[in-house]
Every structure is written in structure tokens, then in C-alpha cells.
Amino acid sequence: MLAKKEEGLKATTLNLYNSAIRFFYRNVLHILWDDITVPRMIREHRLPTVLTVDELKYKAMFATMYSSGMRVSEVIHLHYDDISRTNMQIHVRDTKNRMDRYTILSKRCLDILTQYWFEKGRPRGILFPNKFTGNYLTVGTLEQVMRRAVSDAALLKEATPHGLRHSFATHLMEPGENGKISRHCLDTVTQNPRKFIFMSATNPLWESKVHLTGKIF
């Protein structure tokens, strides 16, 4: 037991070992077991880490961008009514291409949004307001928060808020998801002939080239 403790095992795991050995001694070997000599470990009860409302807000915004493929400018303009729990989708208004669209809403993202919404006091207007003015946040603010988070996490890659949108498309298409779904969620319909290229972060050999017109080849 002492050797297991030195390995850094938690009290819960050590107590499982204790119970197994005690059962073996009492019921198989029929040897008395002294709980005082080999006591059970006392479990630690630490206070949970509590995020501030601002931390929850940015967590919810980044989660929404990654899980729904939204632009930074789109997520900062979200309103409460744009989130549909019934249909599990997000109504994206005033997009870059001046066309409203619906994108997917994951269960995990909804849980994060719900937690933030209650902590924020159940806002009914702007979903992610500036805490000082009550107006929309700026794109620069979100980019600054992202840079600080990347620095704190000591990530080797240069990550940006817009990179979350590219990650959404890449991870959606890697397992062979229908490109039409990606195109609809990303709002990449335009007459520009350039190609929208997503490189997989997990498999450098995989590459999917998608026309901004939606054609996949």
C-alpha cells in the first residue's frame, strides 16, 4: 500500500486496494484484519474551481465558434433569440455574404451557453455584451483574449479565433462528412473562384480542397 501511495495514486484508488486486500484476508485466508494498523486513506475535499462570468463568456464564445463554424464577427453579434434549443441550431444574422443562415448547435456547446446564460443573469438581448458599455464586443477584444489564452497554455501553434472556424471544417470533413453540410454551416457560397483549403491538424497528409462555390474534389 505504501508503494502504491508513493506512486501518487489518489485516496479513492488506494481505498479500493485496501478493500480488496481486506476481503482477501477475511474471506479467503480467514485472517483477522486490523483497520487501525492498515487504515483507509482520507479523501481530499477541495473547493471546486469557479470561473468568473467573463471567463465563462469567452469560453462560451470560443466553444460556439469551434462547434458551429462561426466567424468572430458573427458570434459577437449573437442574441438570445438566435439560440434554438428545440431545433439544436443557431440563427446567424448579418453574415459576411449578407445572407442569414442556420448552423448546428452541439449538446456540449448548449450546456456551456446555458451555464454562462444563468451566471450572466439570463440576458434577453445581446448574448455576449461588453461588461462596461453593454454593447457588442469588438473583434479585437476576442483576438486579444485568444492570444492571452494561447500564451498561458504554452501552445506551440499560433492559434487565432478564426482558426477555430477552420478547425470546425477540417474536423467535420476528416471522417468523410458531406461537404454540403460544411458549406452550409460555414456560409462559403460566393462567386470568387479561389479555393478554400483546410489542412488537417491531426493528419498532415490529408488535404481537402473546397471551392467557395461548394464543389469538392
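Which residue in S2 does Ser 84 stand opposite? Hold that thought while you find the strands on your screen. Hi everyone, and a quick word before we go on: what we are looking at today is a predicted model.

Let's start with the sheet. It is an open sheet with three strands, in the order S1-S2-S3, and the pairing is antiparallel. Strand S1 covers 83–84 and strand S3 covers 101–104, and these two stand at the edges. Each of them has a single partner strand, so one side of each is left without a neighbour in the sheet. For anyone new to this, strands of a sheet pair through backbone hydrogen bonds, and the pairing can be parallel or antiparallel.

Now zoom in on S1 and S2. Strand S2 takes in residues 89–92, and two bridges join S1 to S2. And here is the reply to my opening: Ser 84 stands opposite Gln 89.

Next, salt bridges. How many does a search of the whole structure find? The search gives six. I'll walk you through some of them.

Please go to helix H3, which holds residues 53–68. Lys 57 and Asp 54 meet there through their side chains in a salt bridge, at 3.4 Å from N to O. The two are three residues apart in the helix, so about one helical turn separates them. Is Lys 57 buried or exposed? Lys 57 counts as buried, because its relative accessibility is 2%, and the cut-off for buried is under 20%. Lys 57 also lies over the face of Tyr 58, at 5.3 Å from the ring centre. And there is a further partner to look for: Asp 54, Lys 57 and Lys 131 are linked in a network of salt bridges.

Let's move on to Asp 82 and Arg 93. Their closest N and O atoms are 2.6 Å apart, and the two form a salt bridge. Asp 82 sits in the loop between helix H4 (72–75) and S1, while Arg 93 sits in the loop between S2 and S3. The pair therefore ties together parts that are eleven residues apart in sequence. Asp 82 is buried, with a relative accessible area of 3%, whereas Arg 93, at 39% relative accessibility, counts as partly exposed.

Asp 111 and Lys 107 bring their side chains together at 2.9 Å, N to O. Lys 107 counts as exposed at 52%, and Asp 111 as partly exposed at 33% relative accessibility.

Stay with H5 and we can turn to the aromatic rings. The structure holds four aromatic pairs. In one of them, the rings of Tyr 80 and Trp 117 have centres 5.1 Å apart and planes at 15 degrees, so this pair is stacked. Where do these two residues lie? Tyr 80 is in the loop between H4 and S1 and Trp 117 is in helix H5, so the pair ties together parts that are 37 residues apart in sequence. Trp 117 counts as buried at 9% relative accessibility, while Tyr 80 counts as partly exposed at 23%.

Now look at Trp 117 together with Phe 118. Their ring centres are 5.2 Å apart and their planes stand at 75 degrees, so this pair is edge-to-face. Phe 118 counts as partly exposed, at 45% relative accessibility.

Phe 24 is found in helix H2, residues 11–28. With a relative accessible area of 40%, Phe 24 is partly exposed.

My last stop is helix H6, residues 139–153, where you will find Glu 143. How far apart are the C-alpha atoms of Glu 143 and Ala 159 in space? They are 9.7 Å apart, and the two residues are 16 apart in sequence. Glu 143 counts as partly exposed, at 33% relative accessibility.

Methods:
Residues are numbered from 1 along each chain as its sequence is written. This is a predicted model: local features need pLDDT of at least 70, side-chain atom pairs count only at pLDDT 80 or more; totals for chains, interfaces and linings use all residues. Side-chain values use heavy atoms; hydrogens and water are left out. Two strands pair if DSSP finds at least two bridges between them. Helices (H or I, at least four residues) and strands (E, at least two) are DSSP runs, numbered from the N terminus. A salt bridge is a side-chain nitrogen of Lys or Arg within 4 Å of a carboxyl oxygen of Asp or Glu. Buried means under 20% relative accessible area, exposed over 50%, partly exposed in between (1.4 Å probe, protein chains only). Rings of Phe, Tyr and Trp (its six-membered ring) pair if their centres lie within 6.5 Å; planes under 30 degrees apart count as stacked, over 60 as edge-to-face and the rest as tilted. A charge sits over a ring if NZ of Lys or CZ of Arg is within 6 Å of the ring centre and within 35 degrees of the ring normal.
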